[in-house]
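Please keep the sequence and the model in view while reading.

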Amino acid sequence: MTGPMSLAAGGVAALLASALAAQAPQSQTPQVINLGHGIYAAIGVLGGREVRVPQSNTFLIETAAGNVIVDTSGGTGAIAHRRALGSISSAPTKAIVLTHAHGDHTGGVAAWKQTGTEILVQREHEEFVPYLQRLQPFMARRNAAQFGIPLGPPAPGPPFEPTVRFDERYPFTVGDVAFELLHTPGETPDHLTVWIPAFKVAFIGDNYYDSFPNLYTLRGTKPRWALEYVESLNKVLALDPELVLPSHGLPIRGRDEIRRRLTRYRDAILFVHDATVKGMNDGVDLSTLMRQIKLPPALDIGESYGKLTWSIRGIYEGYAGWFDGNVSTMYGLPGDAYGDIVQMAGGADAVARRAQQLAESDPVRALRLTDASLAIDAAHRPSLEARLMALRVLDARSDNSNERGWLRADIRAIEARLKN
């Protein structure tokens, strides 16, 4: 590999990779796509009707000197991807490029890394990974809820050390293939795009998938700036690619189709951003903006993963912080007055009855009522039952995998409380 920073030669396959590969369940064999030019994709999981832990796609690029891997997936997905792609090429892994630091992209580094393998990241990786580590217990609880996974012991520190960090652009060559890395923040501040000029192929990471993006993710994150997404998508469009490879979802082929889909995605993000900012400047409160802002039909790209209402709030609070201009917000959360409100309504039983009446027709309102009654009596059985009804209605109606993850986490919690 050659480039502004020389990358070392590779070595033999790591024993760890073999051990990990042997543990992968056969049922997780991924779809593998031959994309031409010696590029292969093992397709991961984003969401779907059932709540599943995301797994990134893993890409293998063959060169005359060895293989380059873009993203590694994570967990058992990484093991399965290593096995599937390893059956196509047993050449040494010369480099691993990580489009960003999320675990579903980086968790399989150990399965691919060999002696001399270079690991390439964008410079912001150095700050973003400590941020994730600093909040590891918090993030672990949130991920367990959102993706329906067991809450295990604290994760160890980063299992690898990047060998190449770049700022805005980094060209390098492996064997007979020239690559360029471009800083394209969006999903994360350290996000990058991999560009192979000779093949007109762009590996776009998580800056595009088949849903409105998670401009705010429920598990919690730093602000994801909408205008950075827009600029990053403009960078990719300016390359005029013939093949775009997202790290979640299927490839996009053809200049016209790529331009159509990426432009629509960019314009949807920009529409929501601009409508939110206009509303802020016009003095419209956040709740009203969350209710009123809708994408026009031509820009409606679906909400199976990200959601407009969360994104509107993320944009609003990303710009202005949590204070909404209501002076009572300065003194705590609205739950402080729940006891008085429930008492004036006739007590927890009366509130629970009203919540049960609304559970089918207005389940969100029913949840808010049970917030009040359970705040004064956390074990109030009628309120728990009403809440469970509302949660199940919302779950049945939802097409968003992240939303369903949180609904089902609360369903499990309420069911456990009702058993006691």
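In this predicted model, 6 strands make up an open sheet of mixed pairing, in the order β8-β9-β10-β11-β12-β13, where strands (E, at least two residues) and helices (H or I, at least four residues) are DSSP runs numbered from the N terminus, and two strands pair if DSSP finds at least two bridges between them. At the edges of this sheet lie β8 (169-174) and β13 (252-253), each of which pairs on one side only. Strand β12 (residues 243-246) runs antiparallel to β13 and is joined to it by 2 bridges; Leu243 has Arg253 in β13 as its bridge partner.

Another open sheet, also with mixed pairing, is formed by 7 strands in the order β1-β2-β3-β4-β5-β6-β7. Its edge strands are β1 (32-36) and β7 (164-166), each pairing on one side only, and the twist from one strand to the next averages 20°. Within this sheet, β5 (residues 93-97) pairs with β6 (residues 118-122) in the parallel sense over 3 bridges, and the partner of Ile96 in β6 is Ile119. Helix α2 (residues 75-86) packs on the sheet and touches β1, β2 (39-42) and β3 (58-63), its direction making about 145° with that of β2; contact here means heavy atoms within 4.5 Å, while axes are lines fitted to C-alpha atoms, for helices over the stretch in contact, with angles running from 0 to 180 degrees between N-to-C directions.

Residues are numbered from 1 along each chain as its sequence is written, and side-chain values use heavy atoms, with hydrogens and water left out. As the model is predicted, local features need pLDDT of at least 70 and side-chain atom pairs count only at pLDDT 80 or more, whereas totals for chains, interfaces and linings use all residues.
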